[in-house]
Amino acid sequence: MRSMASCHSSKGIAAIVGVGPKLGRSIARKFAHEGYTVAILARDLGRLSRFADEIAREEKAQVFAIRIDCSDTRSIKEAFEGVLSLGFVEVLVYNAYQPMTWPPTNFTDIKVDHFEKSVAVSSVGAFHCAQQVLPGMVERGRGTILFTGCFSSLNGMAGYSELCCGKFAQRALSKCLAREFQPLGVHVAHVIIDGIVGSPRAAAATMASTSQMRWSVGVGEQQQGDGSMDPDVLAQTYWHLHVQDRSAWTQEIDLCPFNTRSF
């Protein structure tokens, strides 16, 4: 665990679990931009530390990188000992998942240990992380827990039973926690990302501007029309959920790109 800046935030901690180069990093950057001290957690500490350096420098915020393995209960508890030592957790975003293989795997060829690990990361890890922060949220009468789901949270997919089972369970967990803890002041919501998350368009435009102007236009058009979802834009929805007035809390939201076709 390491601090990436010296400025102090009077707000609580925003803990983002499952931070990679796209959505997780964008969510962390958004909460840092809004003045939160941010703890980012993932398995690859080296890459995570680079993200923390980058976000802290750009947003002039405190960012802490903490290693976590969401399939390992002990690792989760140790990681959150570090998170909770920073202060009270006001926001938990659970964005972790076990990467899937392509092409899909025939059900009879799926290894039991791979199935168990995928379910553990998607749902058991979410369970343990929520248990770490809920007591403090209930004590203060406020807090936000946001779970990242996907198309597989609602639909079975041939060849991806391990992903679907884990995501189905995570959605059920979110619904149960919302029923139990929203009356106590804790906002719990499930965010379905129904599409492919691409690179931030702003970053792509910056990269393109270093080349020829006509290439810059081409990249912008490709980013607009390739059907991918901008993680910076998605992060704004996570922020909106956090600051919603409790008189009208969203419990689930389904996000998809404009060119998604219905079948």
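**Exercise 1. Classify the burial of His 187 and list its contacts beyond four places in sequence.**

Solution. The relative accessible area of His 187 is 1%. Buried means under 20% relative accessible area, exposed means over 50%, and partly exposed lies in between, with a 1.4 Å probe and protein chains only. His 187 is therefore buried. The residue is found in strand 6, where helices (H or I, at least four residues) and strands (E, at least two) are DSSP runs numbered from the N terminus. A contact means heavy atoms within 4.5 Å; leaving aside neighbours within four places in sequence, His 187 is in contact with Gly 143, Thr 144, Ile 145, Gln 182, Leu 241, Gln 244, Trp 249 and Thr 250.

The model is predicted, so local features need pLDDT of at least 70 and side-chain atom pairs count only at pLDDT 80 or more, while totals for chains, interfaces and linings use all residues. Residues are numbered from 1 along each chain as its sequence is written, and side-chain values use heavy atoms, with hydrogens and water left out.

**Exercise 2. State the confidence of the model, and find where pLDDT stays under 50.**

Solution. The pLDDT is the predictor's confidence in each residue, from 0 to 100. Its mean over the protein is 88, and 86% of the residues reach 70 or more.

**Exercise 3. Describe how strand 2 and strand 3 are paired and connected.**

Solution. Two strands pair if DSSP finds at least two bridges between them. Strand 2 (residues 37-42) and strand 3 pair in the parallel sense over five bridges, and Ile 40 stands opposite Ala 65 in strand 3. The chain crosses from strand 2 through helix 2 (residues 45-59) to strand 3 in a right-handed β-α-β crossover, a term that applies if, with the strands pointing away from the viewer, the path from the first strand over the helix to the second runs clockwise. Four of the five residues of strand 3 (residues 63-67) are buried, so this strand is largely enclosed by the rest of the structure.

**Exercise 4. Classify the ring pairs that Trp 239 makes with Phe 31 and Tyr 36.**

Solution. Rings of Phe, Tyr and Trp (its six-membered ring) pair if their centres lie within 6.5 Å; planes under 30 degrees apart count as stacked, over 60 as edge-to-face and the rest as tilted. A search of the whole structure finds three aromatic pairs. For Phe 31 and Trp 239 the centres are 5.2 Å apart and the planes stand at 70°, so this pair is edge-to-face. It links Phe 31 in helix 1 (residues 23-33) with Trp 239 in helix 8 (residues 231-243), 208 residues apart. For Tyr 36 and Trp 239 the centres are 6.1 Å apart and the planes at 75°, so this pair is edge-to-face. Tyr 36 lies in the loop between helix 1 and strand 2, so its pair with Trp 239 in helix 8 ties together parts that are 203 residues apart in sequence. Phe 31 and Trp 239 are both buried, Tyr 36 is buried too, and Phe 31, Tyr 36 and Trp 239 form one aromatic cluster.
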